[in-house]
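Student: I would like a close look at one part of this model, in one connected answer. Please start from the chain as a whole.

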Amino acid sequence: MNEIPGETTQEQTFYEQVGGEETFRRLVHRFYEGVAADPLLRPMYPEEDLGPAEERLALFLMQYWGGPRTYSDHRGHPRLRMRHAPFTVDQEAHDAWLRHMRAALDDLALAPEHEAELWRYLTYAAASMVNTAG
Ligand code: HEM
């Protein structure tokens, strides 16, 4: 055995570094407050109650960043592009989605390097979700 007493070889996940479940729930809750008031995005959500959609996005992001795998336990493989196919995700929807995410992320006041990493992912993921020209 090569273990060095008193040192740990385990690295924290990004999920843990930013504060775990509470952080992701705050982010997504704030994001959905924006969606609820958005005239373009709100009608896209099939359910009257945005609560279940909020839960799905929070669980997905928690899993993506190294937290519990509850999302996939409930929903299976994410296949996010496929799951967005029924919705018209054009440039305008993309911009609105990111605008609410940006406001929610600002509210979290994370360390700059964490904020930058999360934002890089969110902008990349949002661009990859666009399925309609115009
Ligand atoms: C680019 C603009 C986007 C729009 C307009 C959009 C819109 C929607 C809509 C209308 C739903 C259905 C609501 C529901 O029943 O859950 C949904 C679901 C979802 N979206 Fe998006 N979305 C966008 C980008 C993203 C991005 C970038 C991510 C991930 C980082 C994401 C993750 C999810 C997840 C996890 C679900 C639930 C999937 C499921 O398990 O059914 N979305 N989105």
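Student: Among contacts between residues at least 6 apart in sequence, what percentage join residues at least 24 apart? After that, please take me through helix H6 (residues 91-108).

Tutor: The figure is 75%, where a contact means two C-beta atoms, placed from the backbone, within 7 Å. This is a predicted model, in which local features need pLDDT of at least 70 and side-chain atom pairs count only at pLDDT 80 or more, while totals for chains, interfaces and linings use all residues. Residues are numbered from 1 along each chain as its sequence is written.

The protein chain has seven helices and zero strands; these are DSSP runs numbered from the N terminus (helices: H or I, at least four residues; strands: E, at least two). Of its 134 residues, 14% are buried, meaning that 20 or more other C-beta atoms lie within 10 Å of the residue's own; 12 or fewer makes a residue exposed, anything in between partly exposed, and the C-beta atoms are placed from the backbone.

Now to H6. Its 18 residues should span 26 Å at 1.5 Å a residue, and the end C-alpha atoms are 26 Å apart, so the two agree. The expected span is 1.5 Å times one less than the number of residues. Ala93, Trp97, Met101 and Ala104 are the buried positions in H6. Viewed down the helix axis, the buried residues fall within an arc of 60°, so they line one face of H6; the arc is taken from the directions between the axis and the C-beta atoms. Gln91, Asp95 and Asp106, on the other side of H6, are exposed. The packing partners of the buried residues are helix H2 (20-36) and helix H7 (112-129). Just past the end of H6, Ala109 has a positive phi of about 50°.
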